[in-house]
Amino acid sequence: MSKIGQCKLCNEKEELQLSHAVGNSVFKKISRRNSGKVISITSGNEPVAYSNDSWAEHQLCSKCERLLNHEYEDYSLGVLRGRGGTFIKTDAGLSLRNINQHRLIMYFLSIYWRAANSAHPAYKNVLLAERESEFLRHAILNNSRVSSGKVSIKISRVLDLSKSKGFTSDAIKQLIVSPFLRINENYKENKVSVCFMFEGFFIEIFTKALSIKERRIHGVLSRTQTSLMVPYLNLFDIEEIVDLMVVGYGKHIDGNSRVK
């Protein structure tokens, strides 16, 4: 499905594709594992239900779609799925070596930018001022380096580290959470971050960069480094996701569910 319009990345009038901020391959992977069924849980009054919504809209032309897929998404998903560089599991987290962190940074920023420029309800919490959006558009289009003093990105591997261990690593990889905003009191100046979760990773994008000292903690991407220690994060320490699971369970108990 396509339509004619202005591509939001190159600004040319072209035939627009049905575009995805979080890539369609992420949704398809979950769908294949669950016989084509994806369960949708919202914080509103909507029932828990099966869904085939991949949060897409007509946004980019085919040339720009290929650019983002080739330059950023294909490589980065390969790294996240353990097929790029050296992927070592340790007691403290995942040690990623021989990776191109610039491409990872641009991948996450491209998701952030596309989400902020999307009208899909799943991305309603992702906002960008026009000036910042235009800055990122140019950087993404031209594969320009974004200064570490401009924006910071931290990734963590989500696991169920509770005593019960009710969620396997594979089950957590089946979760995609609509991005949400968080005020981080653990950082200087209570910095705001936009948070995503997919492929078993929790991604925090700080719209105001972390301090030099804070950028040295595990999980913070650096375009000048080829190694990254990705710390483990307990699923039940992500309060926003726990709250959503509680809402979903409550709907199930109240009969507000179409999932058998």
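**Exercise 1. Charges.** In this predicted model, how far apart are the mean positions of the positive and negative charges of the protein?

*Solution.* Start with the counts: the protein carries 37 positive and 26 negative charges.

**Exercise 2. Overall dimensions.** Which radius of gyration would a compact globule of 260 residues have, and what does the protein have?

*Solution.* For 260 residues, the expectation for a compact globule is near 18 Å. The protein has 18 Å, so the two agree. To picture the extent, draw a box along the principal axes: the C-alpha atoms fill roughly 50 × 45 × 35 Å. Now look at the contacts between residues at least 6 apart in sequence: 70% of them join residues at least 24 apart.

**Exercise 3. The setting of β10.** Is strand β10 largely enclosed or open, and why?

*Solution.* First, find residues 192-198, which make up β10. Next, apply the cut-off: a residue is buried under 20% relative accessible area. By this test 6 of the 7 residues of β10 are buried, so the strand is largely enclosed by the rest of the structure. For the protein, 43% of the 260 residues count as buried.

**Exercise 4. The neighbours of β10.** Which strands pair with β10, and in what sense?

*Solution.* Take β9 (residues 177-183): β9 pairs with β10 in the antiparallel sense over 5 bridges, and Ile183 has Val192 of β10 as its bridge partner. Then turn to β11 (residues 201-206), joined to β10 by 6 bridges, also antiparallel. Here Phe198 stands opposite Phe201 in β11. Finally, inspect the turn: β10 and β11 form a hairpin with 2 residues between them, and Glu199 there has a positive phi of about 60°.

Key:
Residues numbered from 1 in each chain as written. Predicted model: local features only at pLDDT ≥ 70, side-chain atom pairs only at ≥ 80, totals over all residues. Heavy atoms only, no water. Rg over C-alpha atoms; globule rule 2.2 N^0.38 Å. Buried < 20%, exposed > 50% of the residue type's maximum accessible area, 1.4 Å probe, protein only. Contact = heavy atoms within 4.5 Å. Lys, Arg positive; Asp, Glu negative; His and termini not counted. Charge placed at Lys NZ, Arg CZ, Asp CG, Glu CD. Helix = DSSP H or I, 4+ residues; strand = E, 2+ residues; numbered from the N terminus. Pairing = 2+ DSSP bridges.
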